[in-house]
Amino acid sequence: MEWVNAVIQGILLGGLYALFAAGLSLIFGVMRLVNIAHGDLIVLAAYIALTIATTLGLNPFLALLIVIPVMAGLGYGLQRMVLNQTLGDDILPPLLVTFGLSIIIQNGLLVLYTADPQKLSAGPIEVASLTIAPNLTLGVLPILMFAVAVAVIAGLQWVFYRSALGRAFRAVSDNQDVAQLMGLNKAHIFGLAMALSLAVVGIAGVFLGIRTSFDPTIGSGRLIFGFEAVIIGGLGNLWGTLAGGVILGVAQAIGAQINPGWQVLAGHIVFLVVLAIRPRGLFPRIEQ
Amino acid sequence: MIRASEISIVQSSRAAWIAGLVGLLLLLALLAAPYWAGRADMRLLSEIYLYLALACLWNILAGYAGLVSVGQHAYVGLGGYMLFALAMFGGINPLVAIPLAGLIGGVASMLVAVLIFRLSGAYFAIGTWVVAETFRLSFAQVSALGGGSGTSLPAGIVTAIGDGRDGREAIIYWGSLGIAVLVLAAIFLLLRSRQGPALKAIRDNELAARSLGIDIWRSKFIIYVGASTLTAMVGAAIFLQKLRISPDAAFSVNDWTAFVIFIVVIGGIGTLEGPIIGTIVFFLLRETLADLGPSYQLILGLVAIVVMLRAPQGLWGFVRSHYRIELFPLTPRAIDSQSKKDI
Amino acid sequence: MHEPLLSIEGLSASYGDFQALFGIDLTVNEGEVIAIIGANGAGKTTLMRAICGLVKRQATRAEFGGMPIIGLRPDMIAKSGIAMVPEGRQLFRSLSVEENLVIGAQASRKGPWTLEKIYTMFPVLKERRLTPATALSGGQQQMVAIGRALMSNPELLLFDEISLGLAPIIINAIYEQLPALVGGEMSAIIVEQDVARAVSVSDRVYCLQEGRVSLEGASGDVSRDAISKAYFGV
Ligand SMILES: Nc1ncnc2c1ncn2[C@@H]1O[C@H](COP(=O)(O)OP(=O)(O)OP(=O)(O)O)[C@@H](O)[C@H]1O
Ligand SMILES: [Mg+2]
């Protein structure tokens with residue numbers, strides 16, 4: 001029963017990892033950009049939620065109403081003012097600029113909030129649980145987290161494949177030159193993609209902050225989890241990303257069950273094994 | 001039209017000669033540092049050499065072979081840990097253990113390469129980071145090496161390195177200098193060899209390089225393993241100087257990757273001179289600003305972004321495009337023998 | 001006489017250090033069909049891309065409908081009424097046939113062309129509207145590319161080698177449709193390897209050679225000799 005429990009906890013945790021990953025996957029799909037600052041932006045969102053929650057006395061879930069638009073606006077501005085200048089044939093500029101951004105965010109947070117661990121408190125929901133079977137109780141929060149992850153993925157999937165915005169995303173991704181001939185402003189479309197990506201980052205950050213304590217240095221770890229989920233699931237496939245997150249979560253839960261020190265390590269090892277046997281991930285959709 | 005026979009290739013310029021002479025004198029002066037420099041200065045100098053070596057190696061990977069790794073700290077840490085393991089459990093003299101640690105790092109990098117060469121571009125970059133994290137977490141599980149909190153090099157091993165504290169520090173100093181010279185020489189020879197132009201071709205256009213019959217995978221593999229071997233040696237030397245190791249220090253992305261990338265970007269990626277300039281700038285900044293703590297790193301990040309956006313060729317690239325000089329004669333300059341003008 | 005729809009003077013364009021066009025002068029009057037011919041690599045595609053703003057270019061004067069277009073981004077030029085059927089079709093591969101057509105209307109210009117009109121002209125596209133565009137045959141893909149360009153209701157339509165890689169019978173079919181598309185409201189620039197066809201469908205013809213205009217004249221007036229001289233530069 002202990003094991004079943006661990007696996008189920010892992011699956012639910014996978015939802016959070018899918019939230020880390022979805023934004024990463026989205027912008028890679030649209031503009032082939034890998035944002036090294038992604039994890040730090042998640043942490044930044046958690047701090048923004050913390051600031052809102054403490055100054056306005058809001059529940060972190062309500063703070064989402066502010067965090068999401070703030071993050072989206074930040075994403076749009078960042079893309080238009082900085083990242084668009086780095087896009088081109090050479091992969092170095094975007095990589096190094098987002099790496100620099102990661103360092104700026106991390107150290108900026110250290111200056112503003114110090115290295116002390118913080119936590120968002122969402123009230124009684126944090127400890128609420130449902131008893132599924134005699135030996136099996138599940139936290140309401142992990143269930144909610146997973147449901148939100150599924151909803152976010154479904155929403156992104158809809159935007160990407162059913163809306164005019166998604167059509168523009170796909171067109172720009174396929175052929176930037178011809179997309180412009182259709183009257184699409186590439187810089188604006190990329191800005192919107194980053195805005196959407198960071199809106200998801202906002203959600204991820206709030207859930208991260210409610211689930212565990214956080215400090216300014218944990219961003220790179222979140223980037224890596226998200227990245228692993230994307231690669232395990234297969235590039236460019238949003239549902240695959242959810243599956244990748246779940247696989248990563250289960251691997252970590254099983255690792256932790258064996259030895260608490262092995263939690264994260266087990267996730268890395270599963271990632272490396274997938275890379276060895278299925279280099280394009282389990283459900284690939286686009287070429288790199 | 002200029003026919004090939006009318007072009008003479010001039011590989012060395014006067015600037016290069018002067019640079020060579022100055023370099024030789026500088027090297028002699030630095031070799032003698034234990035006789036004129038204080039203990040703190042020597043430590044600083046060693047640190048500069050080792051950072052220079054790391055920067056040159058990363059530059060070869062990212063600037064020449066197109067292998068943008070953000071996980072070379074994997075090999076710094078591995079080299080450091082291997083030095084400790086060989087000295088503590090194998091009874092091997094730490095100075096001998098440095099090249100051995102390099103070899104182990106090299107073998108490890110072969111296995112890693114087979115895996116992560118499946119990722120390309122930016123995904124390769126993060127893949128290397130995952131590998132480094134895997135190393136860090138694995139070493140944190142090895143209780144014989146102190147687990148998560150790390151370990152110190154036992155006093156008996158330390159005293160066996162040399163006579164007295166001064167003698168010991170002189171030897172470690174020369175070791176660091178030796179490694180930096182070795183790395184610089186290896187890179188210089190590599191770029192002058194037939195691999196040099198092949199690497200440039202790969203960096204500039206992989207598809208075209210492939211059609212020229214260059215085995216890209218093999219070229220990249222050789223560079224990756226070579227650079228990782230030397231990086232592991234540098235790592236061993238770093239932790240020999242520190243005499244203490246822990247997973248967080250050994251596999252620090254900040255210390256061994258972020259700063260190194262900063263150095264290369266500032267100096268000028270894809271040039272031999274860039275990392276040297278970058279190292280000087282980095283240490284100048286560090287010695288003046290490091291007291292600021294996080295703000296200092298924030299400034300480094302900002303500077304790196306501005307350079308990347310406004311002067312992507314770095315300081316050296318800027319100097320070179322304005323004055324057309326070259327300290328290391330690598331790019332054959334084609335000179336039209338009739339007009340004596342650069343083409 | 002009216003102001004020309006498109007008037008370009010001294011247009012040059014380059015890819016990095018390589019200059020591909022040198023001081024091109026070109027005018028297109030309202031309702032006119034212009035043919036551009038020239039050997040491979042002469043700069044025909046580059047000229048079209050320069051008009052659309054897709055390559056770095058300079059000009060002493062470049063106006064479309066009385067409005068300067070040199071500083072404009074490609075999407076703004078598209079919105080001002082220039083559309084292109086690019087060389088090699090270049091459909092969006094992750095968009096369905098219908099999405100490829102609909103995205104053509106992104107420029108949101110008013111005019112006679114609607115999805116229904118396109119489907120009436122190319123009924124086969126309606127049958128396959130939900131398939132990925134790149135799963136169609138070459139000729140069908142060309143229909144999508146043409147339809148996509150028409151959907152923006154352009155005043156000037158650029159065709160870059162629409163016959164490339166197509167069977168002669170399909171090429172004939174497409175060119176038979178041409179008069180229905182252009183003339184009247186819409187002007188066109190056609191790049192075509194088949195010189196005889198280019199001359200027969202156009203009002204005026206320009207020949208490019210190594211990035212320069214080597215011949216210009218009314219299609220009825222230019223002789224075969226003059227063309228081959230302008231073509232090969234002998
Ligand atoms: N992306 C590019 N980068 C560099 N040079 C280019 C590029 N595209 C075209 N060129 C060069 O510009 C010149 C003109 O090319 P362009 O494609 O305009 O010729 P074209 O007349 O359309 O030829 P074709 O009949 O083969 O289509 C050629 O010398 C070509 O090599
Ligand atoms: Mg062409």
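1. Let me start at the ligand. α1(C) gives the shell around ligand 1 its largest share, 3 residues. Keep in mind while reading on that this is a predicted model. Besides α1, β2 (18-28) of chain C also supplies at least two residues of that shell.

2. Who sits around the ligand? There are 14 residues around ligand 1, and those that come nearest are G41(C), K44(C), T45(C), T46(C) and E87(C). Sorted by class, the shell holds 5 nonpolar, 6 polar and 3 charged residues.

3. The polar contacts to the ligand are worth a look in the viewer. In the side chain of T45(C), an N or O atom is 2.6 Å from an oxygen atom of ligand 1. For the side chain of E87(C), the corresponding distance from an N or O atom to a ligand oxygen is 2.7 Å. G43(C) takes part through its backbone: a polar atom there is 2.9 Å from an oxygen atom of ligand 1. As for cover, ligand 1 on its own has 630 Å² of accessible area, and the protein covers 62% of that.

4. Now the chains. Which pair of chains has the most contacts? Of the 2 pairs that touch, it is A and B. Chains B and C do not touch, and their nearest C-alpha atoms are 14 Å apart.

5. On the A and B contact: chain B puts in 40 residues and chain A puts in 43 residues. Together they bury about 3600 Å², with carbon and sulfur atoms accounting for 81% of it. If you go looking for salt bridges between chain B and chain A, the count is 0, while 5 residue pairs are in polar contact, both residues being at pLDDT 80 or more.

6. Where does that chain B surface come from? The elements giving two or more residues to the side that touches chain A are α3 (39-64), α5 (94-116), α6 (121-140), α13 (253-267) and α15 (294-310) of chain B. The largest share is that of α6(B), with 13 residues. By class, this side of chain B has 26 nonpolar, 11 polar and 3 charged residues.

7. Then the contact of chain C with chain A. Here 22 residues come from chain C and 16 residues from chain A. The area buried between the two is about 1900 Å², and carbon and sulfur atoms give 57% of it. Within chain C, the residues that lose the most area to chain A are F92(C), I103(C) and Q106(C), which together make up 25% of what that side buries.

8. Charged pairs do turn up at this contact: 2 salt bridges cross the interface of chain C and chain A. One of them links R49(C) to D177(A), with the closest N and O atoms 3.0 Å apart. The count of residue pairs in polar contact between chain C and chain A is 8, again with both at pLDDT 80 or more.

Conventions: Residues numbered from 1 in each chain as written. Chains lettered and ligands numbered in written order. Predicted model: local features only at pLDDT ≥ 70, side-chain atom pairs only at ≥ 80, totals over all residues. Heavy atoms only, no water. Contact = heavy atoms within 4.5 Å. Buried area = accessible area lost by both parts, 1.4 Å probe. Salt bridge = Lys/Arg side-chain N within 4 Å of Asp/Glu carboxyl O. Polar contact = N/O pair within 3.5 Å; in protein donor to acceptor, adjacent residues only side chain to side chain. Near = heavy atom within 4 Å. Areas by Shrake-Rupley, 256 points an atom, 1.4 Å probe, with all protein chains shown as cover. Helix = DSSP H or I, 4+ residues; strand = E, 2+ residues; numbered from the N terminus. Nonpolar A, V, L, I, M, F, W, Y, C, P; charged D, E, K, R; others polar.
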